[in-house]
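Have a look at the structure, then read on for the inside story.

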Amino acid sequence: MRGFKRWMKCHGIECSDALLLSAENVADADADAAAEDSLQSLSISVKALCDLKEGDVVATIPKHSCLTVKTSAASDLIEEAELGGDLGIAVAIMFERSLGPKSKWFQYFQILPPFEPIPLLWSILEIDSLLSGTELHKIIKEDKALVCQDWKDYIKPLLDSVSLELNPDFFTVDEYLAAKSLIASRSFQIDEYHGSGMVPLADLFNHKTAAEDVHFTSVSSSSESDTDTESENENENANDENSGDDEPVAPDFDSETEGFSEGDLELSSTSENKPTFMEMIMIKDVNAGSEVFNTYGSLGNAALLHRYGFTEPDNPFDILNIDLDIVVQWSSSLFSRRHSRRRLSLWRKLNLSGSGSEDSDYFEISFNGEPELELLLLLYVILLPEEKIQELGLASSSTSEVKETPSFLSNKDPESRKKELLTKSVCRALLSLADARESLYGRLNSLEEDVRLFNECCHAVDSKLYHSLMLRISERRILEKLRSFASSGAGNFRKNSQTRTRKRAKRT
């Protein structure tokens with residue numbers, strides 16, 4: 001850690017002496033994992049050495065100290081190969097690592113783990129056994145296949161080029177996956193010119209859901225007070241498994257620096273006033289001895305595990321998705337396939353799918369077990385008697401021919417609209433969908449068995465099992481809440497609707 005602190009000072013990264021970069025050993029009984037790299041058993045956190053007040057500037061980081069496609073020694077190679085986005089950053093990381101001590105970021109790499117333990121790096125066997133039935137199972141397998149294909153299409157040709165003289169040991173599929181894991185968990189969107197990249201110091205702050213302590217502000221060197229622009233803290237950072245000692249960082253607030261962020265930066269639009277560095281500013285008071293947290297955003301456990309390799313208990317942003325295919329299968333078990341297709345088509349024709357397109361292939365169930373309106377509308381339409389469809393003119397090919405607008409379409413009040421939709425038949429349908437979704441986990445373990453296994457699981461011994469169980473338990477508890485919601489019908493809606501404030505999230 002001393003070497004990294006000297007490196008930061010040399011490259012204009014200024015960190016307040018009120019912050020302590022603390023490295024702690026994490027007991028790991030897995031000898032193979034420990035042998036793989038000792039850095040994986042270390043966790044770095046940022047703590048307050050004294051009371052920090054809202055508005056305190058605790059760090060600045062110049063853009064030239066960030067590892068991006070533009071700043072890497074591989075910049076020309078990457079541009080000539082026309083590798084953009086994460087592909088270009090991955091090549092930059094692999095190339096700089098291949099340089100060893102000659103790399104500008106050598107000391108930075110010394111405190112980084114060789115990779116982050118995100119599911120992308122798990123074996124197919126582990127993915128199938130640990131994530132089966134969860135939101136991530138299919139997504140991770142697709143991601144892994146795409147990343148391996150990218151390596152064949154873009155990285156391998158670089159190795160085949162004799163003129164580049166790349167060290168093949170640093171450009172293997174495994175090295176590419178490792179670089180991708182660091183990018184997924186630690187990269188930041190810096191600005192339009194640099195794009196995203198690795199931002200030293202910024203990625204040492206751990207995540208706490210909806211409880212950030214620091215915020216980032218873009219500052220122009222020509223007129224600092226006039227051109228501050230706050231950045232959104234949506235983050236792409238990671239928690240921490242590195243090395244170091246517990247020394248406070250010496251303060252040096254004077255370099256010509258350019259910024260960093262942990263999410264999308266809202267930069268100045270005028271070229272003469274472009275921000276030259278980023279300030280880390282406390283957004284609330286933190287007591288001495290407490291950890292200083294950033295936030296990666298309002299993310300559920302599926303997104304946290306997917307991007308960063310960890311989960312949180314009782315995460316209020318957890319959701320569960322029920323695929324449209326499950327709804328269609330349920331409908332086809334009760335009605336003919338023709339009936340199911342026609343009602344699905346009607347649901348879309350009436351613009352009840354939310355997005356107004358045919359891309360809505362899943363429905364979100366909130367942390368409280370409340371289904372989104374679009375699912376209730378689809379179930380209602382599927383279950384509507386044929387004579388009612390004819391009576392209302394809903395069977396016509398044009399919505400303009402509807403004889404009278406039914407209340408479930410015209411009612412503008414969300415609460416009363418949902419109450420109308422939550423008929424006994426719709427509630428029974430929700431119970432059936434909950435059972436169908438639950439069946440994806442297989443019949444090996446019940447929720448109670450998963451909880452027992454989780455309580456017996458040691459995170460330090462088997463973090464993959466620990467976090468996969470956490471994800472599965474959180475999803476299955478949402479299914480329990482969905483069943484409770486359906487069993488109590490519309491009477492339960494008022495309570496749930498008051499606690500659900502998050503907007504529809506995209507599938508991770």
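## What's packed inside

The largest nonpolar core has 63 residues, and F4, L52, V91, L201 and V292 have the most contacts inside it. A nonpolar core here is a set of buried Ala, Val, Leu, Ile, Met, Phe, Trp, Tyr and Cys residues joined through side-chain atoms within 4.5 Å; buried means under 20% relative accessible area, exposed over 50%, and partly exposed in between (1.4 Å probe, protein chains only).

This is a predicted model: local features need pLDDT of at least 70, side-chain atom pairs count only at pLDDT 80 or more, and totals for chains, interfaces and linings use all residues. Residues are numbered from 1 along each chain as its sequence is written, and side-chain values use heavy atoms, with hydrogens and water left out.

**The cores**
- (Helices are DSSP runs of H or I, at least four residues, and strands are runs of E, at least two, numbered from the N terminus.)
- Leaving aside neighbours within four places in sequence, V91 is in contact (heavy atoms within 4.5 Å) with L77, I78, L83, I155, L158 and F171.
- Another core, of 39 residues, lies apart from the largest one, and V327, L377, Y380 and V381 are among its residues.

**Helix α12**
- Nine of the eleven residues of α12 (residues 373–383) are buried, so this helix is largely enclosed by the rest of the structure.
- Among those buried residues are E374, L375 and Y380.

**The loop residue L49**
- You'll find L49 in the loop between β3 (42–48) and β4 (57–62).
- L49 is partly exposed, at 40% relative accessible area.
- D17 is 32 residues away along the chain, yet the C-alpha atoms of L49 and D17 are separated by 7.8 Å.
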